[in-house]
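User: I would like to go through this structure step by step. Could you help me read it?

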Amino acid sequence: MTQTASAANNTASTKAKEGSVAKKASGPKKARTKKKQGQAYPFTAIVGQEEMKLSLILNIIDPRIGGVLVMGHRGTGKSTTVRALAEVLPMIERVKDDVYNRNVNEYIEAEKPQKGRKTLAPEDLTIEDIPVPVVDLPLGATEDRVCGTIDIEQALTSGVKAFEPGLLAQSNRGFLYIDEVNLLDDHLVDVLLDVAASGRNVVEREGISIRHPARFVLVGSGNPEEGELRPQLLDRFGLHARIITITDVAKRVDIVKRRHEYDEDPQAFLKKWTREQKKLQKKILGAKDLLPEVTMSDEVLTDVAKLCMQLGIDGHRGELTITRTAHAFAAFSGDKEVTMDHVRAIAGLALRHRLRKDPLETMDPGEKIERELAKVLGEVEEV
Amino acid sequence: MIAFTDIVGMDMAKQALMLLAVDPSLGGVVVPAAVGSGKSTLARSFADILPEETPFVELPLNVTEDRLIGGVDLEATLAQGERVVQHGVLSKAHGGVLYVDSLSLLDSSAISHIMDAMSRGAVLVEREGLSEVHPSKFMLIGTYDPSDGEVRMGLLDRIGMIVPFNTQNDYRARKLIVKCVLGENGNEDTEDELKMLMGLIQAAKEQLPLVSMTREQMQGLIQSAVSLGVEGNRADIFAIRAAKASAALAQRTDVDEDDLKLALKLVLVPRATRMPEPEEEVMDEMPPDEEMPPDTPESEEQDAPEDSSEPDSNEEEEQEETPDMIEELMMEAVETELPDNIMNISLAAKRKSKSGSRGEALNNRRGRFVRSQEGEMRSGKVAIIPTLISAAPWQESRKQERKKKYGKVNTALVINKEDVRIKKFRDKSGTLYVFMVDASGSMALNRMRQAKGAVSHLLQNAYVHRDQVSLISFRGKEAQLLLPPSQSVDRAKRELDVLPTGGGTPLASALFLGLETAKQARTKGVSQIMFVLITDGRGNISLQSLYDQDAPKATKEEVENEIEGLAATVFAEGIASVVIDTQMNYLSRGEAPKLAEKLGGRYFYLPNAKAEEIAMAALS
């Protein structure tokens, strides 16, 4: 029988006391929470690169969209933008110090009564608000740190077999960011594919057997010239944003000037952008609230299905993603009804990486989507 | 040890290092230079002009991942009974210099970690139960010999200054270097000179915050970056910093023309991906059959807005420094440095390298440590931490067991056979496919399309398996390396799309270039290499004619002998090959099957098959 995630808290140790679950969760790990690497560059101060920014925002509004892959030229602010994201993210509620960031219901569900233990009631738990976590998965990470492993310190000092949660646990209900995702080692890609598909992380190693929720928005970035992504992983990303070097000199001067200002005095720069940041945060929250009310008519849905069919997209993930993204985009625009205009705005993002690879095809995927969309909408005859 | 001030020649590199000493946020300096030019001596002497006790860490090429980013210090951990962290090289270089000799030979995972640390200013350690952030801000000094291959663009992008590669060997300067090394020319003033230089740098550091740059100058630099097709925004920032540091060194508060010129030369021009406008002037100087360097990345993707980037030569107003004037300045810098520099920097891999010049020692490098697995102690390297981890939970019970059995326990740890974990390494890089595409006149155009289709399918396959691909085309006099080994199928496809055809069939040259490419790849740890030749096999241009213009035209026999010799070398080197014959049946005299035989490779006849089938067959 597989243990539930409680094994992390209430370890295989016979010493673990009952009823101390919530407290134990913090345990010695508390000191380990990552130190902040200084304040990130403000999201709203990033010049241009609207496609990438929009994709990230839409994923905050609806995490089910399934993440973003940002591919493009080096030095165009890919990782700066993703790291800036943390500052505009809303707060979530979790059981205090829970290493898996679970909310009360998930927690109680997972900690279901086992032999000789009382059912937990919501009153027994303390709740705290934390910002949606953004977890960085560096290329050099080892599998044990990603999935979690036995806590060697506890094992050596007290002989206790305790589970030490990894990055997947930390990123539950948050964002998991991989820079240079195209260079990620294959075995880690396999792990990610597994977990992303099931929303759970299952650890069976070193005598521990644990499963815990790991639902995260996967964000990857990279430069296609350095290597390509495995098709299975590519398919996992909800949206695919592309980013190229800005050639507008005035904009580039702006970028340089802002960067300089930030480097000179980060605090002052952040202060200057606080208002913009707050404004965006509010807009995102508003969209999140509005999202459940957004509807899509059958006509629009039919057109979306037609579009996917015309483009020869396999499976239903394309349709699902484009529909969800269009809903989120409508909510972000303050509309309650999804129109084809919304669809058009995000079709490229949602479908670009799902077109069948034709080696001899020279047309840009974005253009192809645009063309088929015009056909579906009957706009082609008029032109 | 030779002091910074005693080094002769390499003035540009010295200048770059001084700018870096003034403003470390320039990120670093890359010095491409031939063997024996004294580049590493210069790099090491950089410590002379830095404040005392600045860390100067040299990165060995065979550095392992755990030494690079840090990990658990095993001895201390065992002694103290709690996790003790050992900082990696990247963290040790914090606040100082990280020096890499033979930067182009560094393996790609190490490069990724350096890149990550540079963009983050810190190292994230997520390994073997550790989760830590170590600050890691350093200046990177990299030297390399371009004949060993190129440095990854992503890394170069994060390093502020790239010293133009100078092929000229100043004989006198080298003689002086030698004398210096031998101590014949001992300079008694060295100490004073160094002191003066350090004073100068210190003064410049204080001056730096006072240096200002006009908006026009800034625009001018950025405009130059746009017209040179420089990718991303980092170079803009570096160029501005370099110009300012240069002004500070001259104890000025305003940036002047010389500062801008230096910034152009050290920062922007080396990153050029295309010739700036106006193209005609530069192009005309080149031999007619040598077009724009074909592997300048992205050039077609980012067409600069011509209106904003073209220098306005019509109106010559008496303005101070308009962006346009800086653009002209750029042209000037470019004219003195180009086309040589563009060719050298972005296409250096094309140049013939001296065989076996170095790198042999690297062959015994291991792959990447990926995970640990149960296994026999003797069957591999023991992964100590995982072994301990698996043994740890049972210590109490085992000790008790032993006590019962023997009455006492005399070891701190009881490790059983089944606890042993063996390190599993991943072969660093899959297979390298070197595609050699015959683009000579004898390849009819429709056949070319078919060949491209087959290559595309092979590329797709390589893409799925994360193999590396390299593309060589041969036509006219000489084979050309269109794409050095890379994982980018996109780029290979793009190169293929625009491949021109016509001219002779320098098959020997292609094989030679392929062998060079293979040799370089081997020094980087790629063990499996496959040549995929798409040709009719009718080589008719000799390799000899390349080096000796006046040589009489090689006879058919001579050409054949050359090819035979090269093919035998390919076979002897253990390189697998596939020949895809493109010739019509009725024209064939069986050259391609013969070639396949000599190469010890497989043969496929294209006209009969579909592209996809060939691809599958070739890879099966």
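**Reading the model**

Analyst: Ser112(B) is buried, because 21 other C-beta atoms lie within 10 Å; a residue is buried if 20 or more other C-beta atoms lie within 10 Å of its own, exposed if 12 or fewer, and partly exposed in between, with C-beta atoms placed from the backbone. This is a predicted model, in which local features need pLDDT of at least 70 and side-chain atom pairs count only at pLDDT 80 or more, while totals for chains, interfaces and linings use all residues. Residues are numbered from 1 along each chain as its sequence is written, and chains are lettered from A and ligands numbered from 1 in the order in which they are written.

User: Which helix does Ser112(B) lie in?

Analyst: Ser112(B) belongs to helix 6 (residues 108-120) of chain B. Helices (H or I, at least four residues) and strands (E, at least two) are DSSP runs, numbered from the N terminus.

User: And what is Ser112(B) in contact with, leaving aside its neighbours within four places in sequence?

Analyst: Its contacts are Leu139(A), Glu180(A) and Leu183(A). Two residues are in contact if their C-beta atoms, placed from the backbone, lie within 7 Å.

User: Moving to chain A, is strand 7 enclosed or open?

Analyst: Five of the five residues of strand 7 (residues 175-179) of chain A are buried, so the strand is largely enclosed by the rest of the structure. Phe175(A), Tyr177(A) and Asp179(A) are on one side, with Leu176(A) and Ile178(A) on the other. In a regular strand the side chains alternate between the two faces of the sheet.

User: Which strands pair with it?

Analyst: Strand 4 (residues 134-136) of chain A pairs with strand 7 in the parallel sense over three bridges, and Asp136(A) has Tyr177(A) as its bridge partner. Strand 10 (residues 217-222) of chain A also runs parallel to strand 7, joined by five bridges; there, Ser221(A) is the bridge partner of Asp179(A). Two strands pair if DSSP finds at least two bridges between them.

User: Where in chain A is confidence lowest?

Analyst: The lowest confidence is in helix 2 (residues 21-26) of chain A, at a mean pLDDT of 35, and the highest is in strand 13 (residues 337-338) of chain A, at 96. pLDDT is the predictor's confidence in each residue, from 0 to 100. Over residues 1-37 of chain A, pLDDT stays under 50. Where pLDDT is low, the predicted coordinates should not be read in detail.
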